[in-house]
Amino acid sequence: MEILEKALDGKDLSKNEVLYLANVRDIHDLYAIFSAAQELRERFFKNIVYTYGFIYFTTYCRNSCTFCAYRKPNNKAIRYRKSMDEILDYSKEIMESGINLIDLTMSEDPLIYDQGDGWHLVEKIVKTIKDATGLPIMVSPGAICRDGIKAFRKVGADWFAVYQETYNRELYRNLRLYQDFDYRVKVKLWAKSEGMLIEDGMLLGVGETESDWVESIFSMKSIGAHQVREMGFIPQPNTPMENIPPPPLLNEMKVIALMRLTNPDKLIPSSFDVDGIKGLQLRLIAGANVVTSLIPPRTGLVGVAQADLGVDSGIRTRDGIKPYMEQLNFRLASQKEYAKWVKEQREKLEIKREQL
Ligand code: SAM
Ligand code: MD0
(Lines give C-alpha, C1' and ligand atoms only; values in the text may rest on other atoms or scores of the structure.)
(Ligands and ions follow the chains in the order given, each with its own letter.)
Protein backbone atom coordinates (compact mmCIF):
# COMPACT_ATOMS: atom_id res chain seq x y z
CA MET A 1 0.00 0.00 0.00
CA GLU A 2 1.55 3.32 -1.07
CA ILE A 3 0.54 5.10 2.13
CA LEU A 4 2.34 2.48 4.21
CA GLU A 5 5.45 2.75 2.04
CA LYS A 6 5.39 6.49 2.66
CA ALA A 7 5.22 5.93 6.44
CA LEU A 8 8.02 3.34 6.28
CA ASP A 9 10.13 5.90 4.38
CA GLY A 10 9.78 8.12 7.45
CA LYS A 11 7.51 10.62 5.72
CA ASP A 12 4.59 12.30 7.52
CA LEU A 13 1.13 11.08 6.53
CA SER A 14 -1.70 13.52 5.82
CA LYS A 15 -5.03 13.47 7.67
CA ASN A 16 -6.74 12.08 4.57
CA GLU A 17 -4.22 9.27 4.29
CA VAL A 18 -4.72 8.36 7.95
CA LEU A 19 -8.50 8.55 7.53
CA TYR A 20 -8.19 6.19 4.56
CA LEU A 21 -6.32 3.70 6.75
CA ALA A 22 -8.86 4.16 9.55
CA ASN A 23 -11.58 2.97 7.17
CA VAL A 24 -9.75 -0.09 5.85
CA ARG A 25 -11.87 -3.24 6.07
CA ASP A 26 -9.91 -5.74 3.93
CA ILE A 27 -8.14 -8.27 6.17
CA HIS A 28 -5.02 -8.39 4.00
CA ASP A 29 -4.74 -4.61 4.16
CA LEU A 30 -5.25 -4.73 7.93
CA TYR A 31 -2.38 -7.20 8.22
CA ALA A 32 -0.28 -4.82 6.12
CA ILE A 33 -1.14 -1.92 8.44
CA PHE A 34 -0.19 -3.89 11.58
CA SER A 35 2.96 -5.20 9.91
CA ALA A 36 4.06 -1.67 8.94
CA ALA A 37 3.34 -0.44 12.47
CA GLN A 38 5.40 -3.34 13.87
CA GLU A 39 8.29 -2.54 11.54
CA LEU A 40 8.37 1.08 12.73
CA ARG A 41 8.07 0.01 16.37
CA GLU A 42 11.10 -2.30 15.93
CA ARG A 43 13.06 0.42 14.14
CA PHE A 44 12.92 2.67 17.23
CA PHE A 45 12.44 0.19 20.10
CA LYS A 46 13.64 -3.21 18.83
CA ASN A 47 11.67 -5.96 20.71
CA ILE A 48 11.65 -4.03 24.01
CA VAL A 49 8.51 -3.44 26.09
CA TYR A 50 8.45 -1.00 29.02
CA THR A 51 6.35 -1.55 32.16
CA TYR A 52 4.47 0.98 34.35
CA GLY A 53 3.22 0.47 37.92
CA PHE A 54 -0.08 2.13 38.83
CA ILE A 55 -0.88 3.74 42.19
CA TYR A 56 -4.36 5.29 42.26
CA PHE A 57 -3.87 6.96 45.63
CA THR A 58 -7.24 8.70 46.02
CA THR A 59 -10.56 7.82 44.39
CA TYR A 60 -12.57 10.74 45.78
CA CYS A 61 -13.56 12.99 42.88
CA ARG A 62 -15.32 16.33 42.35
CA ASN A 63 -16.12 15.56 38.68
CA SER A 64 -19.07 13.83 37.01
CA CYS A 65 -17.48 12.31 33.91
CA THR A 66 -20.22 10.16 32.33
CA PHE A 67 -17.87 7.21 31.59
CA CYS A 68 -16.03 6.92 34.92
CA ALA A 69 -16.75 4.63 37.89
CA TYR A 70 -15.33 7.23 40.28
CA ARG A 71 -17.59 10.08 39.21
CA LYS A 72 -18.87 12.04 42.21
CA PRO A 73 -22.56 11.05 41.85
CA ASN A 74 -21.70 7.32 41.93
CA ASN A 75 -22.50 6.47 45.56
CA LYS A 76 -21.51 2.83 44.94
CA ALA A 77 -17.95 3.66 43.86
CA ILE A 78 -14.92 2.31 45.78
CA ARG A 79 -13.68 5.33 47.73
CA TYR A 80 -10.38 5.57 49.56
CA ARG A 81 -7.39 7.81 50.23
CA LYS A 82 -4.09 5.98 50.70
CA SER A 83 -1.71 7.28 53.40
CA MET A 84 1.86 8.38 52.64
CA ASP A 85 3.20 5.21 54.32
CA GLU A 86 0.92 3.00 52.23
CA ILE A 87 1.92 4.78 48.99
CA LEU A 88 5.59 4.41 49.99
CA ASP A 89 5.22 0.66 50.66
CA TYR A 90 3.45 0.06 47.32
CA SER A 91 6.09 2.11 45.47
CA LYS A 92 8.94 0.09 46.98
CA GLU A 93 7.15 -3.13 46.00
CA ILE A 94 6.77 -1.85 42.43
CA MET A 95 10.43 -0.82 42.30
CA GLU A 96 11.65 -4.16 43.67
CA SER A 97 9.58 -6.01 41.05
CA GLY A 98 11.71 -4.41 38.31
CA ILE A 99 8.95 -2.20 36.89
CA ASN A 100 10.29 0.88 35.01
CA LEU A 101 8.02 3.73 36.18
CA ILE A 102 5.53 4.64 38.91
CA ASP A 103 2.31 6.34 37.78
CA LEU A 104 0.88 8.34 40.69
CA THR A 105 -2.74 8.91 39.70
CA MET A 106 -5.56 10.60 41.55
CA SER A 107 -9.16 11.48 41.03
CA GLU A 108 -9.77 15.24 41.32
CA ASP A 109 -10.13 14.92 45.08
CA PRO A 110 -11.93 17.91 46.66
CA LEU A 111 -9.46 17.68 49.56
CA ILE A 112 -6.77 18.70 47.06
CA TYR A 113 -8.77 20.75 44.57
CA ASP A 114 -11.04 22.74 46.83
CA GLN A 115 -8.23 23.98 49.06
CA GLY A 116 -6.23 26.82 47.41
CA ASP A 117 -2.90 25.06 47.84
CA GLY A 118 -4.10 21.48 48.29
CA TRP A 119 -1.62 20.43 45.59
CA HIS A 120 1.15 20.60 48.21
CA LEU A 121 -0.06 17.19 49.38
CA VAL A 122 0.62 15.74 45.91
CA GLU A 123 3.96 17.54 45.80
CA LYS A 124 4.91 15.81 49.08
CA ILE A 125 3.87 12.41 47.68
CA VAL A 126 5.87 12.90 44.46
CA LYS A 127 8.96 14.00 46.42
CA THR A 128 8.75 11.13 48.91
CA ILE A 129 8.32 8.48 46.20
CA LYS A 130 11.02 9.93 43.95
CA ASP A 131 13.52 10.15 46.82
CA ALA A 132 12.70 6.63 48.01
CA THR A 133 12.73 4.83 44.63
CA GLY A 134 14.74 6.99 42.22
CA LEU A 135 12.44 5.65 39.48
CA PRO A 136 10.90 7.86 36.78
CA ILE A 137 7.61 9.23 38.10
CA MET A 138 4.44 9.99 36.16
CA VAL A 139 1.85 12.19 37.84
CA SER A 140 -1.78 12.07 36.64
CA PRO A 141 -3.47 14.68 38.81
CA GLY A 142 -6.26 15.84 36.50
CA ALA A 143 -6.58 19.47 35.38
CA ILE A 144 -4.55 20.91 38.24
CA CYS A 145 -3.24 24.49 38.61
CA ARG A 146 0.07 25.76 37.17
CA ASP A 147 1.74 26.21 40.55
CA GLY A 148 1.10 22.57 41.28
CA ILE A 149 2.61 21.51 37.95
CA LYS A 150 5.75 23.60 38.60
CA ALA A 151 6.10 22.09 42.07
CA PHE A 152 5.70 18.48 40.85
CA ARG A 153 8.46 19.08 38.31
CA LYS A 154 10.73 20.60 40.95
CA VAL A 155 10.45 17.59 43.26
CA GLY A 156 11.18 15.11 40.50
CA ALA A 157 8.10 14.29 38.40
CA ASP A 158 9.25 13.26 34.91
CA TRP A 159 5.87 12.80 33.24
CA PHE A 160 2.52 14.58 33.30
CA ALA A 161 -0.48 12.59 32.07
CA VAL A 162 -3.89 14.13 31.35
CA TYR A 163 -6.09 12.58 28.63
CA GLN A 164 -8.33 14.76 26.47
CA GLU A 165 -10.47 11.67 25.68
CA THR A 166 -11.44 13.31 22.37
CA TYR A 167 -10.63 16.49 20.42
CA ASN A 168 -14.25 16.68 19.26
CA ARG A 169 -15.44 19.49 21.52
CA GLU A 170 -19.11 18.51 21.45
CA LEU A 171 -18.36 14.89 22.31
CA TYR A 172 -15.98 16.13 25.03
CA ARG A 173 -18.83 18.17 26.59
CA ASN A 174 -20.91 14.98 26.84
CA LEU A 175 -18.09 13.01 28.44
CA ARG A 176 -16.35 15.44 30.78
CA LEU A 177 -19.36 17.39 32.04
CA TYR A 178 -18.73 21.03 33.01
CA GLN A 179 -14.95 20.73 32.38
CA ASP A 180 -13.11 23.34 30.28
CA PHE A 181 -11.74 21.76 27.07
CA ASP A 182 -9.05 24.38 26.48
CA TYR A 183 -7.85 24.36 30.08
CA ARG A 184 -7.34 20.58 29.83
CA VAL A 185 -5.08 21.15 26.79
CA LYS A 186 -3.32 24.04 28.51
CA VAL A 187 -2.21 22.04 31.57
CA LYS A 188 -0.33 19.65 29.26
CA LEU A 189 1.41 22.54 27.48
CA TRP A 190 2.32 24.06 30.85
CA ALA A 191 3.82 20.77 31.99
CA LYS A 192 5.87 20.52 28.80
CA SER A 193 7.06 24.12 29.16
CA GLU A 194 8.22 23.19 32.68
CA GLY A 195 10.34 20.40 31.19
CA MET A 196 8.09 17.38 31.83
CA LEU A 197 7.31 14.71 29.25
CA ILE A 198 3.57 14.61 28.53
CA GLU A 199 1.04 11.86 27.82
CA ASP A 200 -2.28 12.44 26.11
CA GLY A 201 -5.00 9.95 25.33
CA MET A 202 -8.27 9.18 23.59
CA LEU A 203 -11.25 7.12 24.77
CA LEU A 204 -12.68 4.74 22.16
CA GLY A 205 -16.26 3.47 21.91
CA VAL A 206 -17.94 6.60 23.27
CA GLY A 207 -19.70 7.70 20.07
CA GLU A 208 -16.67 9.02 18.19
CA THR A 209 -16.18 8.60 14.42
CA GLU A 210 -13.08 7.60 12.43
CA SER A 211 -12.67 11.31 11.61
CA ASP A 212 -12.61 12.03 15.34
CA TRP A 213 -9.84 9.40 15.70
CA VAL A 214 -7.79 11.24 13.09
CA GLU A 215 -8.45 14.66 14.65
CA SER A 216 -7.37 13.37 18.08
CA ILE A 217 -4.24 11.62 16.72
CA PHE A 218 -3.09 14.77 14.92
CA SER A 219 -3.97 17.02 17.89
CA MET A 220 -1.96 14.85 20.32
CA LYS A 221 0.95 14.99 17.85
CA SER A 222 0.65 18.77 17.46
CA ILE A 223 1.01 19.39 21.22
CA GLY A 224 4.17 17.26 21.13
CA ALA A 225 2.96 14.39 23.33
CA HIS A 226 5.79 11.94 24.13
CA GLN A 227 3.35 9.14 24.91
CA VAL A 228 -0.01 8.75 23.18
CA ARG A 229 -2.67 6.26 24.15
CA GLU A 230 -6.09 4.94 23.42
CA MET A 231 -8.35 3.38 26.07
CA GLY A 232 -11.20 1.12 25.00
CA PHE A 233 -14.27 2.23 26.98
CA ILE A 234 -15.39 -0.25 29.69
CA PRO A 235 -18.96 0.30 30.94
CA GLN A 236 -19.21 0.97 34.69
CA PRO A 237 -22.24 0.02 36.83
CA ASN A 238 -24.34 2.85 38.24
CA THR A 239 -23.05 5.42 35.73
CA PRO A 240 -24.80 7.15 32.77
CA MET A 241 -22.94 4.97 30.21
CA GLU A 242 -23.44 1.62 32.03
CA ASN A 243 -25.37 0.16 29.08
CA ILE A 244 -22.94 1.20 26.34
CA PRO A 245 -20.99 -1.87 25.10
CA PRO A 246 -17.17 -1.78 24.89
CA PRO A 247 -15.76 -1.09 21.40
CA PRO A 248 -14.37 -3.93 19.25
CA LEU A 249 -10.71 -4.68 20.02
CA LEU A 250 -10.06 -4.23 16.28
CA ASN A 251 -10.84 -0.49 16.65
CA GLU A 252 -8.26 -0.21 19.42
CA MET A 253 -5.69 -2.12 17.34
CA LYS A 254 -6.35 0.13 14.34
CA VAL A 255 -5.96 3.32 16.39
CA ILE A 256 -2.75 2.02 17.99
CA ALA A 257 -1.34 1.21 14.52
CA LEU A 258 -2.34 4.66 13.20
CA MET A 259 -0.69 6.30 16.22
CA ARG A 260 2.49 4.25 15.54
CA LEU A 261 2.50 5.19 11.83
CA THR A 262 2.18 8.90 12.72
CA ASN A 263 4.35 8.85 15.88
CA PRO A 264 6.99 6.16 15.11
CA ASP A 265 9.40 7.08 17.95
CA LYS A 266 6.86 7.72 20.70
CA LEU A 267 5.61 5.51 23.53
CA ILE A 268 2.23 3.85 23.05
CA PRO A 269 0.60 1.90 25.91
CA SER A 270 -1.20 -1.41 25.93
CA SER A 271 -3.09 -1.01 29.20
CA PHE A 272 -3.90 -3.98 31.44
CA ASP A 273 -6.78 -1.81 32.65
CA VAL A 274 -8.99 -2.43 29.60
CA ASP A 275 -9.41 -6.20 29.36
CA GLY A 276 -6.46 -7.59 31.32
CA ILE A 277 -4.16 -10.17 29.80
CA LYS A 278 -6.71 -10.98 27.04
CA GLY A 279 -6.07 -8.00 24.71
CA LEU A 280 -2.61 -7.09 25.95
CA GLN A 281 -0.70 -9.05 23.27
CA LEU A 282 -2.93 -7.89 20.40
CA ARG A 283 -2.37 -4.22 21.24
CA LEU A 284 1.40 -4.88 21.23
CA ILE A 285 1.03 -6.66 17.86
CA ALA A 286 -0.69 -3.47 16.60
CA GLY A 287 2.34 -1.38 17.54
CA ALA A 288 2.17 -0.57 21.27
CA ASN A 289 5.38 -0.83 23.34
CA VAL A 290 4.46 -0.13 26.98
CA VAL A 291 2.37 -2.27 29.37
CA THR A 292 0.67 -0.03 31.90
CA SER A 293 -1.61 -0.30 34.94
CA LEU A 294 0.34 -3.02 36.76
CA ILE A 295 -0.79 -3.14 40.39
CA PRO A 296 0.85 -4.99 43.34
CA PRO A 297 -1.46 -7.71 44.76
CA ARG A 298 -3.25 -7.51 48.11
CA THR A 299 -2.86 -3.73 48.45
CA GLY A 300 -6.49 -2.74 47.98
CA LEU A 301 -5.34 -0.50 45.12
CA VAL A 302 -7.75 -0.33 42.18
CA GLY A 303 -7.57 0.21 38.43
CA VAL A 304 -9.68 2.84 36.69
CA ALA A 305 -11.66 0.84 34.11
CA GLN A 306 -10.96 -2.60 35.59
CA ALA A 307 -10.85 -2.05 39.34
CA ASP A 308 -9.64 -5.48 40.52
CA LEU A 309 -9.01 -7.50 37.35
CA GLY A 310 -5.90 -9.64 37.82
CA VAL A 311 -4.77 -7.75 40.94
CA ASP A 312 -4.87 -10.26 43.79
CA SER A 313 -4.08 -13.23 41.52
CA GLY A 314 -0.74 -11.52 40.94
CA ILE A 315 -0.97 -11.64 37.13
CA ARG A 316 -1.21 -7.82 36.94
CA THR A 317 2.53 -7.64 37.70
CA ARG A 318 5.78 -7.65 35.72
CA ASP A 319 6.34 -11.35 36.45
CA GLY A 320 2.68 -12.07 35.66
CA ILE A 321 2.80 -10.62 32.14
CA LYS A 322 6.34 -11.80 31.31
CA PRO A 323 5.45 -15.20 29.76
CA TYR A 324 2.90 -13.47 27.50
CA MET A 325 5.59 -11.08 26.29
CA GLU A 326 8.05 -13.89 25.62
CA GLN A 327 5.40 -15.66 23.54
CA LEU A 328 5.81 -12.72 21.12
CA ASN A 329 9.60 -12.60 21.46
CA PHE A 330 9.31 -9.30 23.33
CA ARG A 331 11.75 -8.51 26.12
CA LEU A 332 10.80 -6.47 29.19
CA ALA A 333 13.12 -3.46 29.58
CA SER A 334 15.35 -3.03 32.60
CA GLN A 335 14.90 0.03 34.82
CA LYS A 336 18.27 1.31 33.53
CA GLU A 337 17.16 1.08 29.88
CA TYR A 338 13.92 2.96 30.51
CA ALA A 339 15.61 5.63 32.64
CA LYS A 340 18.05 6.18 29.77
CA TRP A 341 15.17 6.71 27.28
CA VAL A 342 13.49 9.20 29.65
CA LYS A 343 16.76 11.08 30.18
CA GLU A 344 17.38 11.37 26.43
CA GLN A 345 13.82 12.64 25.79
CA ARG A 346 14.06 15.20 28.56
CA GLU A 347 17.41 16.43 27.23
CA LYS A 348 15.85 16.86 23.78
CA LEU A 349 12.98 18.79 25.40
CA GLU A 350 15.45 20.98 27.29
CA ILE A 351 17.24 21.90 24.06
CA LYS A 352 13.91 22.80 22.43
CA ARG A 353 12.95 24.93 25.46
CA GLU A 354 16.29 26.81 25.28
CA GLN A 355 15.68 27.52 21.59
CA LEU A 356 12.28 29.14 22.37
N1 SAM B 1 -8.63 12.13 37.49
C2 SAM B 1 -7.60 12.20 36.53
C3 SAM B 1 -8.14 12.72 35.23
O4 SAM B 1 -9.34 12.78 35.12
O5 SAM B 1 -7.31 13.07 34.41
C6 SAM B 1 -6.88 10.85 36.30
C7 SAM B 1 -7.62 9.66 36.41
S8 SAM B 1 -8.66 9.28 35.12
C9 SAM B 1 -9.70 8.29 35.91
C10 SAM B 1 -7.76 8.39 34.03
C11 SAM B 1 -8.32 8.02 32.68
O12 SAM B 1 -8.91 6.73 32.72
C13 SAM B 1 -9.38 8.87 32.04
O14 SAM B 1 -8.80 10.04 31.51
C15 SAM B 1 -9.93 7.95 30.95
O16 SAM B 1 -9.19 8.07 29.76
C17 SAM B 1 -9.71 6.55 31.56
N18 SAM B 1 -10.98 5.96 31.95
C19 SAM B 1 -11.78 6.36 32.95
N20 SAM B 1 -12.90 5.61 32.98
C21 SAM B 1 -12.80 4.70 31.98
C22 SAM B 1 -13.64 3.65 31.46
N23 SAM B 1 -14.81 3.40 32.00
N24 SAM B 1 -13.20 2.92 30.42
C25 SAM B 1 -11.99 3.17 29.87
N26 SAM B 1 -11.15 4.15 30.28
C27 SAM B 1 -11.56 4.91 31.31
C1 MD0 C 1 -3.56 2.83 32.85
N2 MD0 C 1 -5.06 2.50 34.70
O3 MD0 C 1 -2.37 2.98 32.58
C4 MD0 C 1 -4.06 3.33 34.18
C5 MD0 C 1 -4.55 4.80 34.10
C6 MD0 C 1 -3.54 7.11 34.22
N7 MD0 C 1 -2.30 7.82 34.05
C8 MD0 C 1 -3.34 5.67 33.78
C9 MD0 C 1 -5.66 4.99 33.15
O10 MD0 C 1 -4.34 2.31 32.09
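Predicted model: local features only at pLDDT ≥ 70, side-chain atom pairs only at ≥ 80, totals over all residues.
Residues are numbered from 1 along each chain as its sequence is written, chains are lettered from A and ligands numbered from 1 in the order in which they are written, and side-chain values use heavy atoms, with hydrogens and water left out.

**Loop residues with positive phi**

- Asn329 belongs to the loop between α14 (318-326) and β9 (331-332); helices (H or I, at least four residues) and strands (E, at least two) are DSSP runs, numbered from the N terminus.
- The phi of Asn329 is positive, about 60 degrees, although Asn329 is not a glycine.
- As background, most residues other than glycine have a negative phi.
- Glu165 also has a positive phi without being a glycine, here about 70 degrees.
- The loop that holds Glu165 runs between β4 (159-161) and α8 (169-175).
- Glu165 is buried, with a relative accessible area of 7%.

**Ligand 1**

- There are 20 residues around ligand 1, and Met106, Glu165, Arg176, Arg184 and Ile234 come nearest; to be near, a residue needs a heavy atom within 4 Å of the molecule.
- Met106 places a backbone N or O atom 2.9 Å from a nitrogen atom of ligand 1; a polar contact is a pair of N or O atoms within 3.5 Å, and within protein one must be able to donate a hydrogen and the other to accept it, with residues adjacent in sequence counting only if both atoms are side-chain atoms.
- In the side chain of Arg176, an N or O atom is 2.8 Å from an oxygen atom of ligand 1.
- Arg184 has a polar side-chain atom 2.8 Å from an oxygen atom of ligand 1.
- On its own, ligand 1 has 550 Å² of accessible area, and the protein covers 95% of it; accessible areas come from the Shrake-Rupley method with a 1.4 Å probe, and for residues only the protein chains shown count as cover.
- The largest cavity is where ligand 1 sits.
- A cavity is a set of points, on a 1 Å grid over the protein atoms alone, where a 1.4 Å probe fits but cannot get out, and a molecule sits in one if more than half of its atoms lie within 2 Å of its grid points.
- β2 (101-106) and β6 (227-232) are the elements that give two or more residues to the shell around ligand 1.

**Ligand 2**

- The residues around ligand 2 include Phe54, Asp103, Tyr163, Arg229, Ser271 and Thr292.
- Thr105 has a polar side-chain atom 3.5 Å from a nitrogen atom of ligand 2.
- For Ser140, a polar side-chain atom lies 2.8 Å from a nitrogen atom of ligand 2.
- An N or O atom in the side chain of Asp273 is 2.9 Å from a nitrogen atom of ligand 2.
- Ligand 2 exposes 300 Å² when taken alone, and the protein buries 95% of that.
- Ligand 2 takes up space in the largest cavity.
- The elements giving two or more residues to the shell around ligand 2 are β2, β6 and β8.

**Ser293 in strand β8**

- Ser293, one of the residues around ligand 2, is found in strand β8 (residues 290-294).
- Ser293 is buried, at 6% relative accessible area.
- Beyond its neighbours within four places in sequence, Ser293 is in contact with Tyr52, Phe54, Ser271, Phe272, Asp273 and Arg316, where contact means heavy atoms within 4.5 Å.

- Ala32 lies in helix α3 (residues 27-45) and is partly exposed, at 29% relative accessibility.
- Ala32 and Leu4 are 28 residues apart along the chain, with their C-alpha atoms separated by 8.0 Å.
- Phe34 is in helix α3 too, and is buried, with a relative accessible area of 9%.
- C-alpha to C-alpha, Phe34 and Ala286 are 5.1 Å apart in space, although 252 residues apart in sequence.
- Not counting residues up to four places away in sequence, Phe34 touches Leu250, Met253, Lys254, Ala257, Ile285 and Ala286.
- Helix α13 (residues 277-285) has as its buried residues Ile277, Gly279, Leu280, Gln281, Arg283 and Leu284.
- Gly287 follows α13 and has a positive phi, near 125 degrees.

How values were computed
Buried < 20%, exposed > 50% of the residue type's maximum accessible area, 1.4 Å probe, protein only. 1 Å grid on protein atoms, 1.4 Å probe; cavity = no way out; pocket = protein on both sides within 12 Å on 5 of 7 lines; lining within 4 Å.
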